[in-house]
Amino acid sequence: MAAEAAVPALPGGGGGPAGAPSGSVPVLFCFSVFARPSAVPHGAGYELLIQKFLSLYGDQLDMHRKFVVQLFAEEWGQYVDLPKGFAVSERCKVRLVPLQVQLTTLGNLTPSSTVFFCCDMQERFRPAIKYFGDIISVGQRLLQGARILGIPVIVTEQYPKGLGSTVQEIDLTGVKLVLPKTKFSMVLPEVEAALAEIPGVRSVVLFGVETHVCIQQTALELVGRGIEVHIVADATSSRSMMDRMFALERLARTGIIVTTSEAVLLQLVADKDHPKFKEIQNLIKASAPESGLLSKV
């Protein structure tokens, strides 16, 4: 989100309603057809206003849009772009305005800014997940590629006490973190801490099971934190092909990139002269199994 402005600070009007916390200033927060009175600390600036908008309207905001914060100017009788350096000093009215042009997700991947997430590829899922053997094969290919390219890997296991550990075919040598969980999303405090230790992370390559549960919820949480997500369609599945396909379609409409293992690996090397190209080429000499994805074509 961005504020664009080139006007001087403007007064917002006097006094506030009774009951406002001491040291705070009443502010009317407007978005779309909604207007909600609240309060912010005296001297609050752009960042605090944005936080308040998110707390009030976060479930209605499309995080792939850019927004402009505007202040109602009594002098002009209309809203003007929030002045740079603006600080709330008295009661005022602000609104959040979405720009008309949506941001385009380019989907560029580079090894230095990418992390692989391997989600819940566990033994007890083997008989239940559609095309699980194919998913394991492609997942192992991706982890080999991550080792070759020096890309960090984070692995979770859903309730391993009951569902078992990651399948033996998946080689976890050198992964950054293997973490048990009960939450469906992989975005746990330990995972967020691990990401914070990796400088410059922009993209997560996500695969595993189930597409419509743990994969979907992980992807949406990551996007909400400003991370670009690439879901590897041939390395993720569900118990039901219906759930798998509808989840992939929903996620693609959300702006998440739905892609394939070969596309990811070749995008990461980007050039046949890359020093690791031959090793990656060896991984993809045999085409990845289509794991039922062609049934929708």
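This note sets out numbered points on the predicted model shown above.

1. Basis of the model. The structure is a predicted model in which local features need pLDDT of at least 70 and side-chain atom pairs count only at pLDDT 80 or more, while totals for chains, interfaces and linings use all residues. Residues are numbered from 1 along each chain as its sequence is written, and side-chain values use heavy atoms, with hydrogens and water left out.

2. Strands β1 (residues 24-31) and β2 (residues 34-41) run antiparallel and are joined by eight bridges. Helices (H or I, at least four residues) and strands (E, at least two) are DSSP runs numbered from the N terminus, and two strands pair if DSSP finds at least two bridges between them. Two residues separate β1 from β2 in this hairpin, and Ser-32 in the turn has a positive phi of about 55°. Phe-31 stands opposite Phe-34 in β2.

3. Aromatic pairs. The structure holds seven aromatic pairs. Rings of Phe, Tyr and Trp (its six-membered ring) pair if their centres lie within 6.5 Å; planes under 30 degrees apart count as stacked, over 60 as edge-to-face and the rest as tilted. One of the pairs, Phe-31 with Tyr-57, is tilted, at 5.6 Å centre to centre and 40° between the planes. Phe-31 belongs to strand β1 and Tyr-57 to helix α1 (residues 46-57), so this pair ties together parts that are 26 residues apart in sequence. Both residues of the pair, Phe-31 and Tyr-57, are buried, where buried means under 20% relative accessible area, exposed over 50%, and partly exposed in between (1.4 Å probe, protein chains only). Phe-72 and Tyr-79 form an edge-to-face pair, because their ring centres are 5.3 Å apart and their planes stand at 75°. Ring pairs also link Phe-29, Phe-31, Phe-34, Phe-53, Tyr-57 and Phe-67 into a cluster.

4. Surroundings of Tyr-79. Tyr-79 is located in strand β4 (residues 78-81) and counts as buried at 16% relative accessibility. Leaving aside residues up to four places away in sequence, Tyr-79 touches Cys-30, Gln-70, Leu-71, Phe-72, Lys-93, Val-94 and Arg-95; contact means heavy atoms within 4.5 Å.

5. The six-stranded sheet. An open sheet with parallel pairing has its six strands in the order β8-β7-β6-β9-β10-β11. The edges are formed by β8 (177-181) and β11 (257-259), each with a single partner strand, so one side of each is left without a neighbour in the sheet. On average, neighbouring strands of this sheet are turned by 25° against each other, direction ignored. Axes are lines fitted to C-alpha atoms, for helices over the stretch in contact, and angles run from 0 to 180 degrees between N-to-C directions. Within the sheet, β9 (residues 203-209) and β10 (residues 228-237) pair in the parallel sense over six bridges, with Val-209 opposite Ser-237 in β10. Helix α6 (residues 241-253) packs on the sheet, touching β10 and β11, and its direction makes about 165° with that of β10.

6. Helix packing around α8. The axes of α2 (residues 132-149) and α8 (residues 277-284) come within 10 Å and cross at roughly 175°. The two helices α2 and α8 are therefore roughly antiparallel (angles under 35 degrees count as roughly parallel, over 145 as roughly antiparallel, 65 to 115 as roughly perpendicular and the rest as oblique). In this contact, Arg-141, Gln-144, Gly-145, Ile-148 and Leu-149 of α2 meet Glu-279, Ile-280, Leu-283 and Ile-284 of α8. Helix α7 (residues 261-269) packs against α8 at about 170°, with the axes 10 Å apart. Here Glu-262, Leu-265, Leu-266 and Val-269 of α7 meet Phe-277, Ile-280 and Ile-284 of α8.

7. Backbone points to inspect. Most residues other than glycine have a negative phi, and most peptide bonds are trans. The peptide bond from Val-209 to Glu-210 is cis, with omega near -15°, and Glu-210 is found in the loop between β9 and α5. Tyr-159, in the loop between β7 (153-158) and α3 (160-163), has a positive phi near 40° and counts as partly exposed at 44% relative accessibility. Ser-291, in the segment after α8, has a positive phi of about 45° and counts as buried at 1% relative accessibility.
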